[in-house]
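Let's take a walk through a protein model together. Keep the 3D view open and follow along as we go.

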Amino acid sequence: MARPSKLERTWSDAQLMDVVADSSNWRNVMRKLGLNASSAGAIRIVRRDVERLGLDTSHFRGKRIWSDAQLRRAVMDSQSWDELLNTLGLAPHSGDARVRVKAHAMRLGLDLSHLENPVEDSTEPTEVKPDLRYLRDAATSLAAAWFSLRGLSVAIPTEPTVYDLLAVTQEGIKRVQVKTTTCYSKDGWTVVVGRRPYSSGNRERRIPYDPESIDSFFIVDGDLTIYLIPSRIIAGRVAILLHTYTKYIVGSVAGLMTPRSSVA
């Protein structure tokens with residue numbers, strides 16, 4: 001059976017009104033009219049008819065779980081961003097959700113100024129407490145600071161490399177791989193000193209670093225003790241127990257975990 005031309009109108013105004021009222025997005029409309037939902041030309045024709053009839057499409061959601069009408073009501077009824085996101089069925093503290101909702105509200109011309117959190121009138125600075133969950137993120141900066149405080153120039157590569165930083169020492173430029181651990185057992189701190197080969201999903205088994213590619217491992221354990229271990233010492237290993245390498249301890253940054261209130 002031959003399909004009708006994309007310019008041939010095969011639906012009535014009454015059918016279109018019923019379909020639009022009963023659909024949640026444009027694809028639903030196209031399917032219910034028996035049209036190709038991926039045809040841009042057919043969609044334009046249907047949208048033109050919808051505009052001609054002045055049909056309400058504010059309940060259309062696309063991939064969203066809320067409609068334009070629901071967003072308008074939520075904005076009017078909410079006093080904060082957390083309340084708005086919660087009303088829409090989204091995680092209250094989700095930054096990504098807030099960005100998406102804000103962008104859509106701006107397209108609809110909605111006023112969001114009343115949702116901004118008021119600035120608290122306080123002379124006390126907000127206390128940001130150190131947390132070992134962020135040790136891995138801070139480690140390269142800690143390593144750079146350790147070398148810099150000893151008068152050694154450091155460089156952090158801008159492109160992915162097998163090492164995390166370069167340190168200029170009297171013996172020449174040293175390639176340093178930075179590792180951390182918060183894994184503690186009855187045998188002490190265990191740290192992974194291997195790497196995963198580049199692969200889809202990053203699921204390959206860990207392999208040792210080539211000691212010809214790395215000069216030293218800068219390691220910070222969960223007590224914030226610092227180790228600087230030559231790569232040749234742990235060549236061929238993918239994990240080590242740090243209590244057997246205490247001779248390579250070079251310092252500690254435990255003072256960074258001291259609560260501000262306890263500082264004299």
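Start with Tyr-184, which is exposed, with a relative accessible area of 55%. Keep in mind that this is a predicted model. Now look for the bridge partner of Tyr-184 in strand 5, and you'll land on Trp-189. Trp-189 is buried, at a relative accessible area of 13%, because anything under 20% counts as buried.

In general, strands of a sheet pair through backbone hydrogen bonds.

Next, some aromatic rings. Phe-147, Phe-218 and Trp-146 form one aromatic cluster. Within five aromatic pairs in total, Phe-147 and Phe-218 make a tilted one, with 6.2 Å from centre to centre and 45 degrees between the planes. Phe-147 is in helix 7 and Phe-218 in strand 8, so their pair ties together parts 71 residues apart in sequence. Phe-147 is buried at 4% relative accessibility, and Phe-218 is buried at 0%. Back at Tyr-184 and Trp-189, the ring centres are 4.8 Å apart and the planes are at 65 degrees, so that pair is edge-to-face.

Last stop: Ser-231, in the loop between strand 9 and strand 10. Ser-231 is buried, at 6% relative accessibility. Its side chain reaches the backbone oxygen of Ile-214 at 2.6 Å, and Ser-231 also touches other residues, including Pro-211 and Phe-217.

Methods: Residues numbered from 1 in each chain as written. Predicted model: local features only at pLDDT ≥ 70, side-chain atom pairs only at ≥ 80, totals over all residues. Heavy atoms only, no water. Helix = DSSP H or I, 4+ residues; strand = E, 2+ residues; numbered from the N terminus. Buried < 20%, exposed > 50% of the residue type's maximum accessible area, 1.4 Å probe, protein only. Polar contact = N/O pair within 3.5 Å; in protein donor to acceptor, adjacent residues only side chain to side chain. Contact = heavy atoms within 4.5 Å. Pairing = 2+ DSSP bridges. Phe/Tyr/Trp six-rings, centres within 6.5 Å; stacked < 30°, edge-to-face > 60°. Lists of a residue's contacts leave out its neighbours within four places in sequence.
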